Amino acid sequence: MENAIEIKGLNKDYGDFRLQDVSFTVPRGYIMGLIGPNGAGKTTVIKLILNLLRRDGGEVRVFGRDILAHEVEVKSRIGFVHDTPFFFEHLTLRKLKDTVAPFYGTWDDRIFHRLMEEFDLPLRKRFSKLSRGMKMKFALALALSHQAELLILDEPTSGLDPVFRRELLARLSAFIQDEGKSVLFSTHITSDLERIADFITFIDQGGIVFSAPKDEILEKWAVIKGGSELLAEENRKLFRGVRRREFSVQGLTDDGARARQHLGKDVLIEKASLEDIMFYLTRGNGHV
Amino acid sequence: MRELMLKDLRLHKKYIIGFGAGCILYLAFFSSRANNPGVISIFGAFLYSIVPLTIFTREDKFKASAFNLSLPVTRKEFLAARYLSGWLLMLALYAGTSLLTIFIPGTKLGPSAVFQVKTILAVLAFMAILFAALMPLVVAFGWTGLIAFLVVFQVLGIVFMLLITAFRPGLAAITGGIGKAISAAQSALGPAGFAAALIVLLFLLNLASFKGSAFLFNRKEF
C-alpha cells in the first residue's frame, strides 16, 4: 500500500535557518509524531507539505502524488489544524462552516453537527469569542467533517488543558481505526506521542535526527546513571548525550542492550522516555 | 473558482454592502448635481477600483491566508477568483452609481448623459488601468502596498498640479497629442471598432497584471 506521506531530501533556506535534507515516511494507517524543540523546523516541514512555503529542493509526495502537481486532489484528502487557527474572527461558527464546506466534495454535515455537539461548540458563537481550546476543537471538527484520509496537526495540544489533550488523543486513535487513515502530529509535548504515536520523527536544527517506530525507539534507547567512571574513554562511544552532576553522571544511549553488556551491574540503566531523548540530544551533546 | 468567489462574498458581505452602498450613494449624489458626468465618473472609477482591493487586504487583518491556502485550491485559482470578483464588484458599483444618478431626485443628468459611450469607455479604461496596476502591489505587499500607493498617488497629484502651473504649454501639447491620437484611432477604426480595440487592450492589460500577480503570489510564503 502506498505511503500517506513521503518526504525526500527536503530543503528550505531562510538565511538564518536551514531545513536540510529532511526525509521521512508516514505509512498509511499510522500516527507519526514529529518532535523537536521549539524552532527545530517542525512547522516549516508541515507548511512545505501544504505548499504554504516554497521548497528549495527535495520532494513531497502525499498519497503517492507530488503536492505541487496534484495540489487540489491531494489537499482535498487532507484535514489540517494549524498551530494558531486563524479564521475570519468576526464570523460565527456556522458561517465559517458554510464557507469551508463547499470546497470539499466529501463534506458530511452529519459528522460536523455530531462533532459540534460532542465538543460542546455553539454554532451561533463568533470565532473570536472562543477560547484557544475551543478554537482547536473547531479546527479539528472542520478537519474531520470532510472525511480526510490524512490529518496534519501542528502543535494542536500546546497550551491546552490535560482533559482536552486526552480527548484529542483519543479521537486521533479512533480516527486511525479506519484503516488507511493516517496522522502527522507535530508537538514538543512528547508524553502525548508516547500515548498514541506509532512512529516518531525527531527533528533538530533543521535536520532529521531519527525516524523510526516508537516501540523500537523506546526499546533501544536508555538513560544510564552512574558515577564519573562512566565517562571513561572506552565508554564514551556509548553515549549520545551526557549530563554531569556534582557526584554523578547521566547519559543517553541509543543501544541499551549493548550498554548493559558493556557496563554490567555497576550502573543503573532505565528506559528512556521521548522527553529524555529530546533533552539529551538537544542539550546534552556538548558534554560527551 | 465559484467556491472561492462565494467565500469572499460570504466573508465580506457586510463590508461590501456597507462600503459599497456608501460609495454608490456618495458618487450618485455628486454626479446628479454635476453638469458634466465625466469628472465624477473618472473620480468614481478610482473609488470603484479601490473597494475590491480593500476587501482583499482584509485577509492580512485576519491573518487568514495560511488557512485559505490550505484549502483544496491552487494559488492560481485563488488569484483568478480575486480578479474576477474584483471586476464583478467594480462593474456592480459603476452600474449602481449610474442608475442611482438617473433616478436621484433633482438630478441634472438623464440616461443619455450618464450612459454615453465615451464616458463608459473612459470609466472602464481608468478602472482597468488602476486595478491592473494595483493588484500586483496588493498581492506582494498587502495592505501596506495599497497604503503606499495611495500616499504616492497623493504626492504625484501635487507634483502634477505644480507641473501644470509651471509647464502649462508643454503639458497642453502632451494632452492634446494624446487626444489627437485617440481621435485618429477612432476615425481609423470607427466607433465600434475603437471600443472593441480598447476593450481588448484593457483585457490584455489585466491579463498581464494577472500573470505578474501570479508570479509574485507563487513566491509568497505563509
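Colleague: What volume does the second largest cavity have?

Modeller: About 30 Å³. Keep in mind that this is a predicted model.

Colleague: What makes that space a cavity and not a pocket?

Modeller: A cavity holds points where a 1.4 Å probe fits but cannot get out, whereas a pocket is an open set. By this rule the count comes to two cavities of 30 Å³ or more.

Colleague: How do you know which residues line the second largest cavity?

Modeller: A lining residue must have an atom within 4 Å of a cavity point. A:F88, A:L96, A:T99, A:V100, B:K7, B:L11, B:F67, B:N68 and B:L71 line this cavity. Helix α3(A) gives the largest share, three residues. Two or more residues also come from each of α1 (2-11) and α5 (65-70) of chain B.

Colleague: What makes the count of charged residues in that lining come to one?

Modeller: Asp, Glu, Lys and Arg count as charged. B:K7 is in the lining, and Lys is on that list, so B:K7 counts as charged. The rest of the lining divides into six nonpolar and two polar.

Colleague: And what is known of the largest cavity?

Modeller: Its volume is about 110 Å³. Of the 14 lining residues, B:S31, B:S41, B:T97, B:S98 and B:T101 are closest to its centre. Helices α2 (13-33), α3 (37-56) and α6 (75-103) of chain B each give two or more residues to this lining. The most, five residues, come from α3(B). The lining of the largest cavity holds seven nonpolar, seven polar and no charged residues.

Colleague: Why is A:R114 called partly exposed?

Modeller: Its relative accessible area is 47%. Buried needs under 20% and exposed needs over 50%. The value falls in between, so A:R114 is partly exposed. A:R114 lies in helix α4 (residues 109-118) of chain A. Its C-alpha atom is separated by 57 Å from that of A:N235, 121 residues apart along the chain.

Colleague: How do you know that β1(A) and β4(A) pair?

Modeller: Pairing needs at least two bridges. These strands have five, in the antiparallel sense, so they pair. In one of the bridges, A:I5 has A:V62 of β4(A) as its partner.

Colleague: What makes β2 and β5 of chain A edge strands?

Modeller: The open sheet runs in the order β2-β1-β4-β5. β2 (18-26) and β5 (65-66) each have a single partner strand, so one side of each lacks a neighbour in the sheet.

Colleague: Which helix lies across β1, β2 and β4 of chain A?

Modeller: Helix α1 (residues 42-49) of chain A, at about 115° to β1(A).

Conventions. Residues numbered from 1 in each chain as written. Chains lettered and ligands numbered in written order. Predicted model: local features only at pLDDT ≥ 70, side-chain atom pairs only at ≥ 80, totals over all residues. Heavy atoms only, no water. Helix = DSSP H or I, 4+ residues; strand = E, 2+ residues; numbered from the N terminus. Buried < 20%, exposed > 50% of the residue type's maximum accessible area, 1.4 Å probe, protein only. 1 Å grid on protein atoms, 1.4 Å probe; cavity = no way out; pocket = protein on both sides within 12 Å on 5 of 7 lines; lining within 4 Å. Points joined across faces, edges and corners; volume = space filled by probe spheres on them. Contact = heavy atoms within 4.5 Å. Axes fitted to C-alpha atoms, helices over the stretch in contact; angles between N-to-C directions.
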